[in-house]
Amino acid sequence: RVVSDTMPLCSGVGLALCRRLLEEDGRIHLCIACRNAQKNEATRDLILASHPAAQVSTVEVDLGNLASVLRVVRELRCRFQRLDFVYLNAGIMPNPHVNFKALWHGLLTGKVLHMLTTAEGIMTQTDRLNGDGLQEVFTTNLFGHFMLVRQLESLLCSNEKPARLIWTSSSNARESAFSLSDFQHAKGQESYSSSKYATDLTSVVLNRKFNKQGLYSSVVCPGLVMSNMTYRILPVFLWKLLMPIMWLIRFFARTYTLTPYNGAEAHVWLFKQKPEYLDPLIKYHSCTSGLGKSYVEPRKMDVDEEIAEKFYQKLLELEKQTLERYSDLLD
């Protein structure tokens, strides 16, 4: 089985996922994708250090650069005849800001646990346009993945066995942060939340469109994981001071997985499931008990299927424009 993992850095959930997948099945061919060759080789070396007999190859792709996405599609088509699993894990959260005033208000009103587990009302980001003239977070977290999936359709559909898409979403994915009229979230300050809600919408529609062709899509939430992305929110020394408190919070907030290994629990669980029996409207959350036991908790997604369909059509329109712009990169 060929498993492709598009991950942003040589650490975090992406690396833990690769190691855990090889623990489940050492026969898989793992193809990892990072933004540059140096990170790719570093990741490959780390994986082979613990699994020296593993089949691990690499491709270079920047999901925030659509020309890069189309180039890697061409490369993957040449190298592989099929893909069994594609883990869509790359994501960015640029310039995150914590609203400490809102956090204090949440503490006084008894909403602090909800805020700490969803970041609702306390976390904002400052987005920007990328080289394609699109919002950077939207492109990296969703549209680059969408283009990748659409262009790899021939490797994913009509196979003897079902193929799987597994998207990394978030508990921060909220309908209130998403607008169909501003689906790239150019006007707001919660681009990360918007992109993750858009991920949930996309997964729902992909199942409707492609299940009959043997392609199934699932969404996971890794919980709060201490990774490079998390460490950008607050200074590292402050995280170290907060860690004892976070371990205590885990007795009440099961999504405080904290370690990348725990955060990959739902990803690995889905690797072992038969997709035909999964509910397409469920998000699978990696959870960890207060005593450190990891498990998966299914939760119904708060998605409007009519809005999901309308959003999908907008993605198709944007895809058409992109393919016209980069026609020279198509086969």
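Modeller: Happy to, and please keep in mind that this is a predicted model. Let's begin in a loop.

Biologist: Does Leu63 count as buried or exposed?

Modeller: Leu63 sits in the loop between strand 3 (55–60) and helix 3. The cut-off for burial is under 20% relative accessible area. Leu63 has a relative accessibility of 6%, so Leu63 counts as buried.

Biologist: How far apart in space are Leu63 and Arg35, C-alpha to C-alpha?

Modeller: Along the sequence, 28 residues separate Leu63 and Arg35. In space, the C-alpha to C-alpha distance of this pair is 7.9 Å.

Biologist: Which residues of helix 6 make the contact with helix 3?

Modeller: From helix 3, the contact takes Leu66, Val69, Leu70, Val72, Val73 and Arg77. By class, the contact has eight nonpolar, three polar and one charged residues. On the helix 6 side, the residues are Thr139, Phe143, Gly144, Met147, Leu148 and Gln151.

Biologist: How is helix 6 oriented relative to helix 13, roughly parallel or roughly perpendicular?

Modeller: The axes of helix 6 and helix 13 come within 11 Å and cross at roughly 75°. Angles of 65 to 115 degrees count as roughly perpendicular. Helix 6 and helix 13 are therefore roughly perpendicular.

Biologist: Which residues of helix 13 meet helix 6?

Modeller: Helix 6 brings Phe138, Leu142, Phe143, Phe146, Met147, Arg150 and Gln151. The residues in this contact divide into eleven nonpolar, two polar and two charged. On the helix 13 side they are Phe311, Tyr312, Leu315, Leu316, Leu318, Glu319, Thr322 and Leu323.

Biologist: And at roughly what angle do helix 8 and helix 13 cross?

Modeller: Helix 8 runs over residues 191–210 and helix 13 over residues 305–325. Their axes come within 9 Å. The two helices are roughly perpendicular to each other because their axes cross at roughly 90°.

Biologist: How many charged residues are in the contact of helix 8 with helix 13?

Modeller: Ala198, Leu201, Thr202, Val204, Val205, Leu206, Arg208, Lys209 and Phe210 represent helix 8. They meet Glu305, Ile307, Ala308, Glu309, Phe311, Tyr312, Gln313 and Leu315 of helix 13. Divided by class, the contact has eleven nonpolar and two polar residues, and the number of charged ones is four.

Biologist: How many residues of helix 8 are buried?

Modeller: Helix 8 is mostly covered. Of its 20 residues, the buried ones number 18.

Biologist: What separation do the end C-alpha atoms of helix 8 have?

Modeller: Helix 8 has 20 residues, and at 1.5 Å a residue it should span 28 Å. The separation in the model agrees with that expectation: 28 Å.

Biologist: What about the phi of Leu258?

Modeller: Leu258 is in the loop between helix 10 (236–249) and helix 11 (260–263). At 3% relative accessibility, Leu258 counts as buried. Leu258 is not a glycine either, and its positive phi is about 70°.

Biologist: Where is Asp328, and what separates its C-alpha atom from that of Leu70?

Modeller: Asp328 lies in the segment after helix 13. Asp328 is exposed, with a relative accessible area of 60%. Asp328 and Leu70 are 258 residues apart along the chain, and their C-alpha atoms are separated by 10.0 Å.

Biologist: To finish, what share of the residues in the protein chain is buried?

Modeller: The protein chain has 13 helices and ten strands. Among its contacts between residues at least 6 apart in sequence, 74% join residues at least 24 apart. Of the 331 residues, the buried share is 56%.

Conventions:
Residues numbered from 1 in each chain as written. Predicted model: local features only at pLDDT ≥ 70, side-chain atom pairs only at ≥ 80, totals over all residues. Heavy atoms only, no water. Contact = heavy atoms within 4.5 Å. Helix = DSSP H or I, 4+ residues; strand = E, 2+ residues; numbered from the N terminus. Nonpolar A, V, L, I, M, F, W, Y, C, P; charged D, E, K, R; others polar. Axes fitted to C-alpha atoms, helices over the stretch in contact; angles between N-to-C directions. Parallel < 35°, antiparallel > 145°, perpendicular 65-115°, else oblique. Expected span 1.5 Å × (residues − 1). Buried < 20%, exposed > 50% of the residue type's maximum accessible area, 1.4 Å probe, protein only.
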